[in-house]
Number of protein chains: 2
Amino acid sequence: MTKTMDRHQLPNSRKRAKNAAPTSQARFRSGAAPTLAESEYEKLRDRIISMELLPGVAISETELAAQSGVSRTPVREAVLRLAREDLVEVAPKSGTFVARIPVSVLPEALIARRALEGVTAGAAAQYASRSQVLELYALLERQKEFADQGNFDGFHVSDEAFHQKIAEIGRLPGLWIMVQQVKIQIDRFRRLTLPEPGRMSMALAEHIDVVSAIESKEPESARQNMEIHLNGLQLHIKNVVDAHPDFFIHDADLNDLVNV
Amino acid sequence: MTKTMDRHQLPNSRKRAKNAAPTSQARFRSGAAPTLAESEYEKLRDRIISMELLPGVAISETELAAQSGVSRTPVREAVLRLAREDLVEVAPKSGTFVARIPVSVLPEALIARRALEGVTAGAAAQYASRSQVLELYALLERQKEFADQGNFDGFHVSDEAFHQKIAEIGRLPGLWIMVQQVKIQIDRFRRLTLPEPGRMSMALAEHIDVVSAIESKEPESARQNMEIHLNGLQLHIKNVVDAHPDFFIHDADLNDLVNV
DNA sequence: CTAGTATATCTAATATACAAGTTAATGCCG
DNA sequence: CGGCATTAACTTGTATATTAGATATACTAG
């Protein structure tokens, strides 16, 4: 055994048992003091998702570190994390780049989302209390306000809150987490297009149908209405890809790279 | 601009354009030379999932590094990645521990899996070619062989291959990736229980029903049969949690920790 | 002028060093 | 003997230094 473990091996010590869970009070930062790495992650992530940093642009760990006034270590942690989320591509020993959007994941993401949120809507119809239904109506009203203002960003934010609330009511918050992860590339894609006119009022009407089914405790109907709603999000992928070919990566490319 | 970027700023250089995607041949390692951090990740991950390292036991970055003969840096990368996957819990400045299994994610994971694989089965029924159906029957035969031998590990491996194949046939490989992620805690849980007698032949029969529906190109039936199959995996959560209370963490605990 | 090769200079990957915080043993004091 | 401040020894978080690989430029030969 290594000498560094001396204290833990003291025979009659009140040491923490080998398989004891940690007991500290200060564990699991609630949101008070985010670590530097976390801050770097969020900053870079937001810049990528918002399309401030366009797909393909080079990013240097050293430069990011200098800009933030921290060392490379937390920056690197952030970059590695983003690489796993397919938001950056790192070429070993060469460079790191904002990831291009993999076109093949877009339809799959829509399908996965529809499957997951169909379930949350059905579960919500099963469990919703009266007060929760009223909360949903409140969210719908807020969306209507944003729609009337033509405030698309505001609408999008409250739309997210609406979908999250349904998952929460259905007692499946974990599914919403999954949906969020799957939505990331879709959100990037969306930034490349202008919202279609009438999209907001359309979505709002579909939301109302979902809530109606939840209110009348009809899980199957809620599920169907949610799936209908999410079908409405169909993307015109080809047009956008043709307009910005450099921003996308096709599966064939990936395969070419992997299969040497 | 910083002096370190000199080369990239040479005016008439054939430098890589600012937003040019990387062009290297050597990018995206295919599997040839895994990085040290990756190796450490896989090693530690396997030890946790296999329950060789039980929930709650302390792990020290320094010690792991010494054991592997590498520095703390790649070990730390692995630990951070595992923390994001809820396979380790890190208490800042205090210690890192093999994560306890969050009981609340278990039912959610089953629900998510059912939703996702219901979709893949339906899509497989839509797209399956004759040769692909034959591949599925081959996998079924292999499972039968393992079942006859009473080889549970082998059965489990070929079971995974079966489910993956269906996603592949349905042209939704990404959904299988999601299922794999969601399955992790369930697999850890399973290691705490003995397989019920007759479970393998039961699962095999259910698999056959799924393939039958795929073969006859009945998406809805394939979906239902897959969902029935996954319902059969219901876990006796309470019994196991009571038998190993230290291996689990309840939502209430998490909330207590977060809400200061 | 072009193709091939060396070399300079960038990059990320890893190693090492240091800082900041937590935990538990210890010794003092009642 | 029991409770509390002290403190030593551990932990993770961050910074810096080193190593090694990839790419663009400079150079050379034809």
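**Exercise 1. In what order do the three strands of the open sheet in chain B lie, and is the pairing parallel or antiparallel?**

Solution. The model is predicted: local features need pLDDT of at least 70, side-chain atom pairs count only at pLDDT 80 or more, and totals for chains, interfaces and linings use all residues. Residues are numbered from 1 along each chain as its sequence is written, chains are lettered from A and ligands numbered from 1 in the order in which they are written, and side-chain values use heavy atoms, with hydrogens and water left out.

Step 1. Helices (H or I, at least four residues) and strands (E, at least two) are DSSP runs, numbered from the N terminus. Two strands pair if DSSP finds at least two bridges between them.

Step 2. The order in chain B is E1-E3-E2, with antiparallel pairing. Strand E1 (58-59) and strand E2 (88-91) of chain B are the edge strands, each pairing on one side only.

Step 3. E2(B) and strand E3 (residues 95-98) of chain B run antiparallel and are joined by four bridges. B:Gly95 in E3(B) is the bridge partner of B:Ala91.

**Exercise 2. Determine which residues of H2(B) are buried and what they pack against.**

Solution. Step 1. Helix H2 (residues 36-49) of chain B has 14 residues and reaches 20 Å from its first C-alpha to its last, close to the 20 Å expected at 1.5 Å a residue (the expected span is 1.5 Å times one less than the number of residues).

Step 2. Buried means under 20% relative accessible area, exposed over 50%, partly exposed in between (1.4 Å probe, protein chains only). In H2(B), B:Ala37, B:Glu40, B:Tyr41, B:Leu44, B:Ile48 and B:Ile49 are buried. These residues cover an arc of only 150° around the axis, which puts them on the same side of H2(B); the arc is that of the directions from the helix axis to the C-beta atoms.

Step 3. Their packing partners in chain B are E1, helix H3 (61-68), helix H4 (72-84), E2, E3 and H8.

**Exercise 3. Classify the pair A:Phe189 and A:Phe248.**

Solution. Step 1. Rings of Phe, Tyr and Trp (its six-membered ring) pair if their centres lie within 6.5 Å; planes under 30 degrees apart count as stacked, over 60 as edge-to-face and the rest as tilted. This rule gives two aromatic pairs over all chains.

Step 2. For A:Phe189 and A:Phe248, the values are 5.9 Å centre to centre and 65° between the planes, hence edge-to-face.

Step 3. A:Phe189 lies in helix H8 (residues 173-190) of chain A and A:Phe248 in strand E5 (residues 248-249) of chain A, so the pair ties together parts that are 59 residues apart in sequence. A:Phe189 counts as buried at 2% relative accessibility, and A:Phe248 at 3%.

Notes
Contact = heavy atoms within 4.5 Å.
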